[in-house]
Amino acid sequence: MIKLSSVERCRSPMGSSFVRLIGHFKAGNGTEDFDIWFDVDEELAGGLSESGAPWLIAAIPYGFELGGTIAIERPTDAMLLENTAAFAHIFRHWYRDLKPFEVIADKKIVDPGGEKAFAFFSGGIDSLHTATRYTSLGGTDQVGSVDELLLIWGFDIELDSPSEFAALQKQSEDFAVRLGVPLRVMATNIRRPGTFWTNRWGPLCHALGKAACALALEKRYKKAIWAAGYRSDRSVVEGSHPMTDHYLSSSGLAMVYDGADSGRIDKIAFLSRFPWMLEDIHVCWRGASSRNCGQCPKCLRTEIALELTGMMARCNSLPRVSLERIRKAYCGEPAERAFFTEMAEYAKKIGRSDMYMALCESLTRSRHRAPIVNYLSRFEKTPGLWRAGRSIRRMLGA
Ligand SMILES: [Zn+2]
């Protein structure tokens, strides 16, 4: 049983101008009681939720992990309750280890009256593509409009890295000024270590995290827009997916999965109209910092896409990728295979046979290595053997 025992609002210890919305949860099954909180600037505090919506979303990963009952004794939107039940059905179909759970809540049609639209912002390719197309800067590609952008502290940059977050906030504010919309900031501890919120963030909890933050401000917002990570026909099973994200909408707040008809190459080609955007793009969370590591899969796929679109020279925040590095790259995970396949097709189309050959070699080598890499991943979970497993896997470049 996960039970929301009470909710309070207070000054945040993170800063005197921040207001904190806290949900106190009681947990059974020997699990410790815990708090989830959302901090916003005082100016946004009037938009903080009074319903059970953000707490229901915050509790769902615990339901998947522990099973049993989620009890939210607050008015909770009927549409959101029905939608999240469908969301849970799909994820349990995808991941057979997730446990069933029952939700007990004070079911009501709740429309908190939010009037603004916002887009989540992170400084990466996907969020820049979405944010730009929701402002007049998008020109003929504009698909809507947002009143503001929202940057979250506690998702990719940890709460104990204030200087890293300040650097990302500064970069994001510079983007927002040029897009002509204000940047808002929220901090949250929802990604609690040792839970599915951290252990299965990408595969399971990514969209839930965004929805919880949006619903925490449901009296301010009626529409939350976030960027698709993949073109719809290349989607892989992940926490954010075109089939499931809209099931996190409530009667008063619609979740919009944007840009699913565009691949990585399409997005960079669009952003190349605004070269200043590509100068300082931030795509990497490996070091949980405001800088790109230049080595991880996210950095590599962006470097390849920039090279193919002829925009590499415009980017100051990523190194130029070599053909040798592409050939040796491991892309055995479904998400990486989808990106590499898309980029190989594009390289062939534009006559970059050198890049096409290197990408194909990586895809072929990765397909051959995938069975042993998957085996070693299991090996790594065995006490006493994990170090050897990881060493061999790294030798294989995975
Ligand atoms: Zn990186």
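This is a predicted model: local features need pLDDT of at least 70, side-chain atom pairs count only at pLDDT 80 or more; totals for chains, interfaces and linings use all residues.
**Exercise 1. Overall build**

Work out how the radius of gyration of the protein relates to that of a compact globule.

*Solution.* Start with the inventory: the protein has 13 helices and 10 strands. Next, take the chain length of 398 residues, for which a compact globule would have a radius of gyration near 21 Å. The protein has 21 Å, so the two agree. For the extent along the principal axes, the C-alpha trace spans about 60 × 55 × 35 Å. Finally, look at the contacts with a separation of 6 or more: 71% of them are between residues 24 or more positions apart.

**Exercise 2. Where H246 sits**

Decide whether H246 is buried, partly exposed or exposed, and find its contacts outside its sequence neighbourhood.

*Solution.* First locate the residue: H246 lies in the loop between β9 (221-227) and β10 (254-258). Then count C-beta neighbours inside 10 Å, which gives 15 for H246. A buried residue needs 20 or more and an exposed one has 12 or fewer, so H246 counts as partly exposed. Now set aside the neighbours within four places in sequence; H246 is in contact with M255 and Y257. As a check on distance, compare P162: it is 84 residues from H246 in sequence, and their C-alpha atoms are 32 Å apart.

**Exercise 3. Domain 2 against domain 3**

Describe the side of domain 2 that touches domain 3, by element and by residue class.

*Solution.* Begin with the assignment: domain 1 (2-108), domain 2 (116-186 + 202-258) and domain 3 (269-395). The C-alpha centres of domain 2 and domain 3 are 23 Å apart. Their contact draws on 19 residues from domain 2 and 17 residues from domain 3. On the domain 2 side, α3 (125-133) and α4 (162-179) each supply at least two residues. Of the elements there, α4 gives the most, with five residues. Sorted by class, this side of domain 2 has seven nonpolar, five polar and seven charged residues.

**Exercise 4. The nonpolar core**

Find which residues have the most contacts inside the largest nonpolar core, then list the contacts of I57 beyond its sequence neighbours.

*Solution.* The largest nonpolar core has 111 residues, and L56, I57, A119, L149 and M343 have the most contacts inside it.

Notes
Residues are numbered from 1 along each chain as its sequence is written. Helices (H or I, at least four residues) and strands (E, at least two) are DSSP runs, numbered from the N terminus. The radius of gyration is taken over C-alpha atoms; the globule rule is 2.2 Å times the number of residues to the power 0.38. Two residues are in contact if their C-beta atoms, placed from the backbone, lie within 7 Å. Domain bounds come from an automatic or database domain assignment. Ala, Val, Leu, Ile, Met, Phe, Trp, Tyr, Cys and Pro count as nonpolar, Asp, Glu, Lys and Arg as charged, and the others, Gly among them, as polar. A nonpolar core is a set of buried Ala, Val, Leu, Ile, Met, Phe, Trp, Tyr and Cys residues joined through C-beta atoms within 7 Å.
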